[in-house]
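Welcome, and thank you for taking a look at this one with us. Please have the sequence and the model open side by side as you read.

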There are 2 protein chains.
Amino acid sequence: MTQPSIVLHDFQSQRPKHHAGQGSILEWIAAAHAQAEITLRQPDTAEEREGITRKLHKLVLRFGCSTDRISTRNAALDDFTHTDWDRMRIFQLNRFPAGKPCGERSRFYGEVVGDAFDRFYAGEADPPDVLIHVTCTGYVSPSGAQRLVAKRDWGRFTEVVHAYHMGCYASMPAIRLAAGLLARGKARVDIVHTELCTLHMDPSQHLPEQLVVQTLFADGMIRYRASGPERAANGLEREAGGLELLAAREEIMPDTEDAMTWMVSDFGMQMTLSRKVPDHIRACLGPFLDRLGEAAGLGAERLAERALFAIHPGGPRIIDELAGHLGLGPEQVRASNAILRDYGNMSSATLPHVWKAMLEDPEVEPGRLIVSLAFGPGLTIAGAILRKRG
Amino acid sequence: MTQPSIVLHDFQSQRPKHHAGQGSILEWIAAAHAQAEITLRQPDTAEEREGITRKLHKLVLRFGCSTDRISTRNAALDDFTHTDWDRMRIFQLNRFPAGKPCGERSRFYGEVVGDAFDRFYAGEADPPDVLIHVTCTGYVSPSGAQRLVAKRDWGRFTEVVHAYHMGCYASMPAIRLAAGLLARGKARVDIVHTELCTLHMDPSQHLPEQLVVQTLFADGMIRYRASGPERAANGLEREAGGLELLAAREEIMPDTEDAMTWMVSDFGMQMTLSRKVPDHIRACLGPFLDRLGEAAGLGAERLAERALFAIHPGGPRIIDELAGHLGLGPEQVRASNAILRDYGNMSSATLPHVWKAMLEDPEVEPGRLIVSLAFGPGLTIAGAILRKRG
């Protein structure tokens, strides 16, 4: 069914407080795992302690995401800037080998996200009609979105919606929900992602799968607006263009329920991630792309030949694997790789960063199609076809 | 702006496993608080233990919701059926005075909600187009909704949306989101609420506010469908009628951010609730109702005279207080009081239970207007005007 199109525009990202190279982050994570293990095992001698430290350093460097795929990442928490465990807010690993339990993580999340909303809207005089807050890394009410609306006295004009706990693909349901709200008469629907993934690291878990997760995810915050096409064209927006939504589709793959899980656990939120996820995605990708393309009247083959691909970097190799599978050239996945390299996996905030990069890149010409793909628990595969506007 | 109307219909509720009288629940809660305090303080003598037990029994009966407002409540967890603390799954209070930390609560939630989705859809051959899962009491992915879709192999037909962590008023954003999805071409949007509020009780917290919360909230699960009016009329649904949505509105009241909070904490989720909440609601209710009525072309006075009121029982006295404030007669709030009496406060599942009761009540004639009101962190006040169909 053909739908009135909507436009995503006015992207603004906010860099979390601390920016660090992946090399030094890996060193910090190795030290954290060693300290957690030392706290758990209470070794008697300096030699034993050194043995643990050496072993975990080796493990983290072996299984962690290396600096050739991720070069820098951002984080909100001061803890990551030193290894004085006594001074840590969450990762007081000399007392709590998994870091502190959930409450302190929630409080910190609430503070950071409250500030982020204030900054996102500092220069904004007019309230949006709807504010969709997207996260899977912090559940605190009133949320940053609700506190902003209360502070600015926008309560009579702005409805807040929480689109929480969907995972890395959540920008897709968010834009589908926004499209629906626009279809029901709202004019300005803002979407704000605030993901503090690094808050949920558990340095007492040394399995390879956990080392991949902990060295891959980062914090990220981004805001954008969804408007009907007539409104986005009126020249008021910071970016004249924007991305037009041509089609969106979401599926759950059969027999993959346990391949990825994400839940509130004792010490923050806990992820599990099977090594088979890339296989599952590859197995369903072709037919999924056919159906997604069909919804926009476009053949999947033509998309693979000519579109750019905004691929959520769910794992360090997923962009390469999907590009290989679909026969995409390096230019078609350049922005996806660049965001992974410069920011890591910021969960649901990642794809909007890729979209922003494509919008701002003068080499991406108006009219260019962008196929967006993201994945999450279910396993869910979510996709959208966007077109860069002039 | 006038919108194409949507219809809520085909309500089905599921009773959680254990049904108990409020009197015996208060006794259990008193025993739990006593055991938590005994575990924390480790008194030396039987006398001291008895003193603690007597004191907490008195406190719970004094501040807890009494049997004249709530007569029975339901809960999923076996723990509430005995006081053998060693056998408890969550409330092993002889070892954990606040109950176990979040992980075990999440696991239990996942099991119960998985079963609930299976039962809700056991007799259903056709997949809905969208399944909106609403909860503020358990964050587990894949969710019960996602697992159902995977198991039934509905992944290509059904999109899952999580509308999580909005609180007691969440049926309102859920129906607004459903309306939007229907406007974008979906035909069958199902909404399923699964709230296991009792999982988050913390018997080590004896403040009056906490005693109110712990003796008020209960578990509840309900499902219903949102359809465009032409589809709901085609006779396929279990209930020929349904409730037509005439208007919906949501506001955040100024300067009330700290009056109610709800966040993931160390031992489950933690609520705070100021005694001023009813005052805040009363202060904004009149103008809010004016604006809500306006959106449906109806004056607030006429609504107060003639409509039925589905009022979320956020506290034990809120129905009385709002009824008094608006000058409503007992018949206008009968269903709201009946649901509070028979089920307690089931968070977001409560209002849908009130709607179901009104739909099934032959004394509520077709054409009757229903004003729905609910409240949550923000403070958010959410309202809808519904009309019972013939």
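## A term to start with

A residue counts as buried when its relative accessible area is under 20%, and as exposed when that area is over 50%. Please keep in mind that this is a predicted model.

The neighbour to find next is strand S2 of chain B, residues 18-21, which runs antiparallel to S3(B) and is joined to it by four bridges. Within this pairing, His19(B) has Asn74(B) as its bridge partner.

Three strands form an open, antiparallel sheet in the order S11(A)-S10(A)-S5(B).

Two bridges link S10 of chain A, residues 260-265, to S5(B) in the antiparallel sense. Here Met263(A) stands opposite Val140(B).

## Chain A as a whole

Chain A contains twelve helices and 14 strands. Its radius of gyration is 21 Å, which agrees with the value near 21 Å for a compact globule of 390 residues. The C-alpha trace spans about 70 × 50 × 40 Å along its principal axes.

Of the 390 residues in chain A, 65% count as buried. Among contacts with a separation of 6 or more, 79% are between residues 24 or more positions apart. The chain exposes about 14000 Å², with carbon and sulfur atoms supplying 50% of that area. Chain A carries 44 positive and 49 negative side chains, and the centres of these two sets lie 2 Å apart.

## Backbone spots worth a visit

Most residues other than glycine have a negative phi, and most peptide bonds are trans. Leu379(A) sits in the loop between S13 (369-376) and S14 (380-388) of chain A, while Pro142(B) lies in the loop between S5 and helix H4 (144-151) of chain B.

For positive phi, visit Gln42(A), with a value near 50°, in the loop between helices H1 (22-41) and H2 (46-63) of chain A. Gln42(A) counts as exposed because its relative accessibility is 55%. Asp255(A) has a positive phi of about 55° and is found between S9 (243-252) and S10 of chain A, in a loop. Asp255(A) is exposed too, with a relative accessible area of 68%.

Conventions. Residues numbered from 1 in each chain as written. Chains lettered and ligands numbered in written order. Predicted model: local features only at pLDDT ≥ 70, side-chain atom pairs only at ≥ 80, totals over all residues. Heavy atoms only, no water. Pairing = 2+ DSSP bridges. Rg over C-alpha atoms; globule rule 2.2 N^0.38 Å. Buried < 20%, exposed > 50% of the residue type's maximum accessible area, 1.4 Å probe, protein only. Contact = heavy atoms within 4.5 Å. Areas by Shrake-Rupley, 256 points an atom, 1.4 Å probe, with all protein chains shown as cover. Lys, Arg positive; Asp, Glu negative; His and termini not counted. Charge placed at Lys NZ, Arg CZ, Asp CG, Glu CD.
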